Amino acid sequence: MKIIKIDKKIWSDGVEKSRDSYRLIGPVKDREFHQFRELAKGEQPDMNYKNSRLSPKSIAFPQSETMFIYDLDEKAEEHHIMQDAEKDYSPRAVIGIRPYDAKAFKILDLNFNNSDYQDPYWVNAYNCTTFISLAVNSPDKFDFSTSCATGPFDDSAVDVLLVDYNDSYLAKIMTDKGLAWLNAAGFTTKNGEIDGAVTGVSEAGEDIYEIIEKLKADAESKIRSKISFDKIKEKSILDIFNAPFWEDIAFACLNCGTCTYSCPTCWCFDIQDETNGRKGIRQKNWDSCMTPLFTVHATGHNPRHNDWERTRQRFMHKLKYFQDKYNQGIMCVGCGRCVEQCPANIDIRNICNQMNNGE
Ligand code: SF4
Ligand code: SF4
């Protein structure tokens, strides 16, 4: 692993230069909140943002995605036959994604790309994306990522990890994809050698590894909230499912779905056909286990008829079923969005501790 130091004075020009080979996506402020979207020519990612309102999962798992188009007009040549919708899987770079949000893509990948099932839309979109991540020097009060096998400087799911350091970004190059983007941005020499570089000690005599480790330790020490889920795995599903606390936990829940839509690791979706006149599309749309229609059967029976059962499902899935099925921790990266945005102050950290300790 190599590290280069990028002077912030050349950052914007480099980002713009990389546009010759990549579509660029980054955090931008729209009205009150930041969101990730494709950057227009000349538009820069806001590298000072705190957190985006919605997670960047829509980069590979859009809120609504057209899979097929069809024509019901019998005079049309291929009427009543589903045609693949046009897609653009040319290389793209997402700049400024937080390390825990990048880690969430690995969690989604377990669901959308495994030995039993590969979702081609997800697989193609994920594979064509390069993750140029930005470490979090000052985590906010909702962040509990260090409890969730990730953290503000986690480099395990990124192609480049940028660390904001005075007038520079220290760029840890984690993969060949990351190096290719740095080359395209002109931050390295043409043949991919590290230029003006820092692979240990910089020209100024600074030990770059030590600086990054220190910034990382500082950032992690600012994260005060912790969760424990070690005992959840040992307990039986029914013990937790039938625990007496669920109706109390869910009492205030509005089943509004804010937590699921803002979450980087929630993956539920629904497929619908929409027809307008004789033309139609088949779409994949985000759905939420919090809504009554999500599980309603064609007979009208709903196995999760009560609102508190739907609330229980969300936490059982994230904290129990996922652990049991994949043995890879919990289905949460501790980004804190659901805690910050829930209108009823329902806090996954408290619920996790209750499930763990049976309080
Ligand atoms: S937990 Fe909060 S955000 Fe989630 S559905 Fe209930 S009220 Fe809405
Ligand atoms: S459950 Fe909440 S804290 Fe965990 S990843 Fe989802 S939004 Fe973030």
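Reader: What share of the contacts in the protein chain with a separation of 6 or more comes from residues 24 or more positions apart?
Author: That's 69% of them. Keep in mind that this is a predicted model.

Reader: Okay, and how many helices and strands are there?
Author: The protein chain has 11 helices and 11 strands.

Reader: What radius of gyration does the chain have, and what would a compact globule have?
Author: The protein chain comes to 22 Å. A compact globule with 359 residues would be near 21 Å, so the two agree. The C-alpha atoms fill a box of roughly 70 × 65 × 40 Å along the principal axes.

Reader: How much of the chain is buried?
Author: Buried residues make up 37% of the 359.

Reader: Let's zoom in on α11. Which of its residues are buried?
Author: Helix α11 covers residues 348-357, and its buried ones are Ile-348, Ile-351, Cys-352 and Met-355. They span an arc of only 100 degrees around the axis, so they sit on the same side of α11.

Reader: And what covers them?
Author: The cover includes α6 (237-241), α7 (246-250), α9 (307-326) and α10 (337-341). Just after α11 comes Gly-358, which takes a positive phi of about 65 degrees.

Reader: Switching topic: what surrounds ligand 1?
Author: There's a run from Cys-253 through Leu-254, Asn-255, Cys-256, Gly-257 and Thr-258 to Cys-259. Met-290, Cys-342, Pro-343, Ala-344 and Ile-346 are around ligand 1 too. By type, that shell has 9 nonpolar residues, 3 polar and no charged.

Reader: What about ligand 2, which residues are closest there?
Author: Cys-263, Cys-332, Cys-335, Arg-337 and Cys-338 are the closest of the 13 residues that surround ligand 2. This shell divides into 7 nonpolar, 4 polar and 2 charged.

Reader: What is Gln-83 in contact with, leaving aside its neighbours within four places in sequence?
Author: Phe-68, Ile-69, Tyr-70 and Glu-78.

Reader: And how far is Gln-83 from Asp-71?
Author: They're 12 residues apart in sequence, and their C-alpha atoms are 9.1 Å apart in space.

Note on methods. Residues numbered from 1 in each chain as written. Chains lettered and ligands numbered in written order. Predicted model: local features only at pLDDT ≥ 70, side-chain atom pairs only at ≥ 80, totals over all residues. Near = placed C-beta within 6 Å. Nonpolar A, V, L, I, M, F, W, Y, C, P; charged D, E, K, R; others polar. Contact = placed C-beta atoms within 7 Å. Helix = DSSP H or I, 4+ residues; strand = E, 2+ residues; numbered from the N terminus. Rg over C-alpha atoms; globule rule 2.2 N^0.38 Å. Buried ≥ 20, exposed ≤ 12 C-beta atoms within 10 Å, placed from the backbone. Arc of directions from axis to C-beta.
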